[in-house]
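Here's a quick briefing to read alongside the model.

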Amino acid sequence: MPRRLYSCTPSRLNAWLDCRRRYRFTYLDRPQPAKGPAWAHNSVGASVHNALAGWWREPYERRTPLTASILLTNGWITEGFKDAEQSGRWLARARDLVSGYVATLDPSDDPVGVERTVATRTKVIAVSGRIDRLDRRGDELVVVDYKTGRRPLTQDDARSSLALAVYAVAASAVMRAPCRTVELHHLPTGEVVEWRHTDESLERHLRRAEDVATEAAAADERYREVVAPAPGRSSRERPPAGPAPVPAEIDELFPPSPGPLCSWCDFRRHCAEGQAAGPERLPWDGLAE
């Protein structure tokens with residue numbers, strides 16, 4: 001019998017590469033173990049992304065820096081901040097980010113898509129994802145990804161990104177137009193980092209995605225064979241605390257990857273190795289204060 005296609009997103013593939021235990025907590029354990037508190041830097045990022053998406057949906061005459069600022073303010077997410085004062089300061093910063101960024105754009109240059117979901121298939125995977133913005137430049141499409149983090153970006157970030165490469169392949173398949181260029185737009189610095197793929201480099205990324213998917217699919221299948229809801233308890237029912245115990249075989253199949261990222265993991269409270277790998281972070285520690 002042919003093997004069923006592995007349905008995934010780039011985020012799921014990257015989760016497998018980053019830490020298989022976190023992958024298990026995120027995609028397999030049901031009920032899902034309780035996450036930690038929301039992160040303030042994620043609230044900033046989501047608020048900015050939502051405002052920029054909304055800006056392009058406005059009529060042409062309303063695509064102004066002031067409109068971007070209003071959209072950001074109206075959609076501001078307050079989760080994760082230390083207090084109202086810190087949230088207010090970051091709201092002001094974020095307003096400057098989005099208004100300054102849209103001032104560099106041509107409001108008449110409508111994108112092909114905003115928050116556009118694209119998908120493609122191979123013999124191994126059915127992969128889909130949502131692109132922040134999809135532009136048309138001449139006869140080609142360009143994948144645009146917004147970044148709001150404090151870390152400066154390099155061209156290698158664009159070149160090596162599995163997600164951006166998969167988005168380019170999927171956009172080309174859906175829109176029936178060539179798509180080889182990917183861009184990271186870093187709003188804090190105004191820098192645009194570009195990488196132009198070749199057909200060969202896109203194919204390498206797609207083969208890499210298939211290799212990751214093959215490993216993850218085999219582990220998923222074994223998980224389903226071994227792990228089942230406890231007798232008398234629905235798979236939707238949340239256990240008293242933490243993830244349900246799993247057989248040693250499953251724990252070995254989904255080992256942790258201790259490192260600096262463990263301090264930022266949503267499931268850190270359920271992972272002794274992760275707690276030992278780094279200090280606990282406060283929800284607002286990711287902000288560039």
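At what angle do the axes of α7 and helix α8 (residues 199-226) cross, and within what distance do they come? They cross at roughly 110 degrees and come within 9 Å. Bear in mind that this is a predicted model. The rest is grouped by topic below.

**α7 against α8**

- The handedness of the α7 and α8 crossing is left-handed.
- On the α7 side, the contact is made by L162, A165, A168 and V169.
- On the α8 side, L202, H205, L206, R208 and A209 make the contact.
- Sorted by type, the residues of this α7 and α8 contact come out as seven nonpolar, one polar and one charged.

- α3 is 18 residues long and spans 26 Å from its first C-alpha to its last, close to the 26 Å you'd expect at 1.5 Å a residue.
- Is α3 mostly covered or mostly open? It's mostly covered, with 13 of its 18 residues buried.
- The axes of α3 and α4 sit 8 Å apart, and the two helices pack at an angle of about 135 degrees.
- The crossing of α3 and α4 is right-handed.
- α3 brings S47, V48, A51, G54 and W55 to the contact, while α4 brings T67, A68, L71 and L72.
- The residues of the α3 and α4 contact split into six nonpolar, three polar and no charged.

**What's buried in α4**

- Which residues of helix α4 (residues 65-74) are buried? They are T67, A68, S69 and L72.
- The cover over these buried α4 residues includes α3 and α5 (84-102).
- T67, A68 and L72 are buried, and they also turn up in the contact with α3.

**Y167, a residue of α7**

- Y167 lies in helix α7.
- Is Y167 buried or exposed? It's buried, because its relative accessible area is 12%, and buried means under 20%.
- Leaving aside residues up to four places away in sequence, Y167 touches P10, V118, G129, R130, I131 and V143.
- The C-alpha atoms of Y167 and A126 are separated by 13 Å, with the two residues 41 apart along the chain.

**Backbone points to check**

- Which two residues does a cis peptide bond join? It joins R30 and P31, with omega at about 5 degrees.
- P31 is in the loop between α2 (20-27) and α3 (40-57).
- E115 isn't a glycine, but its phi is positive, near 50 degrees.
- You'll find E115 in strand β2 (residues 113-121).
- R176 isn't a glycine either, and its phi is positive at about 55 degrees.
- R176 sits in the loop between α7 (162-175) and β5 (179-186).
- R176 is exposed, because its relative accessible area is 77%, and exposed means over 50%.

Terms used: Residues numbered from 1 in each chain as written. Predicted model: local features only at pLDDT ≥ 70, side-chain atom pairs only at ≥ 80, totals over all residues. Heavy atoms only, no water. Helix = DSSP H or I, 4+ residues; strand = E, 2+ residues; numbered from the N terminus. Buried < 20%, exposed > 50% of the residue type's maximum accessible area, 1.4 Å probe, protein only. Expected span 1.5 Å × (residues − 1). Axes fitted to C-alpha atoms, helices over the stretch in contact; angles between N-to-C directions. Left-handed = near helix turned anticlockwise from the far one by under 90°. Contact = heavy atoms within 4.5 Å. Nonpolar A, V, L, I, M, F, W, Y, C, P; charged D, E, K, R; others polar.
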